[in-house]
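This briefing covers a helix, a surface patch and aromatic ring pairs. Please look over the sequence and the structure before reading on.

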Amino acid sequence: TFDGVARHEKAIPVYVCTVVLAWVANASFYYLLTSFCEMGVEVAQVSTTIAVAAMNFILYKRIVFHERIG
């Protein structure tokens, strides 16, 4: 998608960090919506999925597959 050409030694650790961040964000956002906002399970899941997917796209585009010169 982003046509990354970075070496795997540099890209994989950054990718793993973003995956862990996404997992934590997913669990946290869902918990907050269902516990404190008293949102229904279905609406909370859809909202969480949309938010985390957008976050992942931005992180992957700007951090994981962003080609650094030098």
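Val-24 lies in helix α1, which spans residues 8-35. The model is predicted, and the points below are grouped by topic.

**Val-24**
- Val-24 and Val-52 are 28 residues apart in sequence, and their C-alpha atoms are 9.9 Å apart in space.

**Nonpolar surface patch**
- Val-24 also belongs to a nonpolar patch on the surface, together with Ile-12, Tyr-15, Val-16, Val-19, Val-20 and Trp-23.
- The accessible area of these patch residues together is about 650 Å².
- Tyr-15, one of the patch residues, lies in helix α1.
- The relative accessibility of Tyr-15 is 39%, so this residue counts as partly exposed.

**Aromatic pairs**
- A pair of aromatic rings is described by two values, the distance of the centres and the angle of the planes.
- With ring centres required to lie within 6.5 Å, the count comes to 2 aromatic pairs.
- Tyr-31 and Phe-36 have ring centres 5.9 Å apart and ring planes at 85°; the pair is edge-to-face because the angle is over 60 degrees.
- Tyr-31 has a relative accessibility of 48% and counts as partly exposed.
- Phe-36 has a relative accessibility of 58%, which is over 50%, so Phe-36 counts as exposed.

Notes
Residues are numbered from 1 along each chain as its sequence is written. This is a predicted model: local features need pLDDT of at least 70, side-chain atom pairs count only at pLDDT 80 or more; totals for chains, interfaces and linings use all residues. Side-chain values use heavy atoms; hydrogens and water are left out. Helices (H or I, at least four residues) and strands (E, at least two) are DSSP runs, numbered from the N terminus. Patches are made of residues with over 30% relative accessible area and no salt bridge: like charges are joined within 9 Å, nonpolar side chains (Val, Leu, Ile, Met, Phe, Trp, Tyr) within 5 Å. Accessible areas come from the Shrake-Rupley method with a 1.4 Å probe; for residues, only the protein chains shown count as cover. A salt bridge is a side-chain nitrogen of Lys or Arg within 4 Å of a carboxyl oxygen of Asp or Glu. Buried means under 20% relative accessible area, exposed over 50%, partly exposed in between (1.4 Å probe, protein chains only). Rings of Phe, Tyr and Trp (its six-membered ring) pair if their centres lie within 6.5 Å; planes under 30 degrees apart count as stacked, over 60 as edge-to-face and the rest as tilted.
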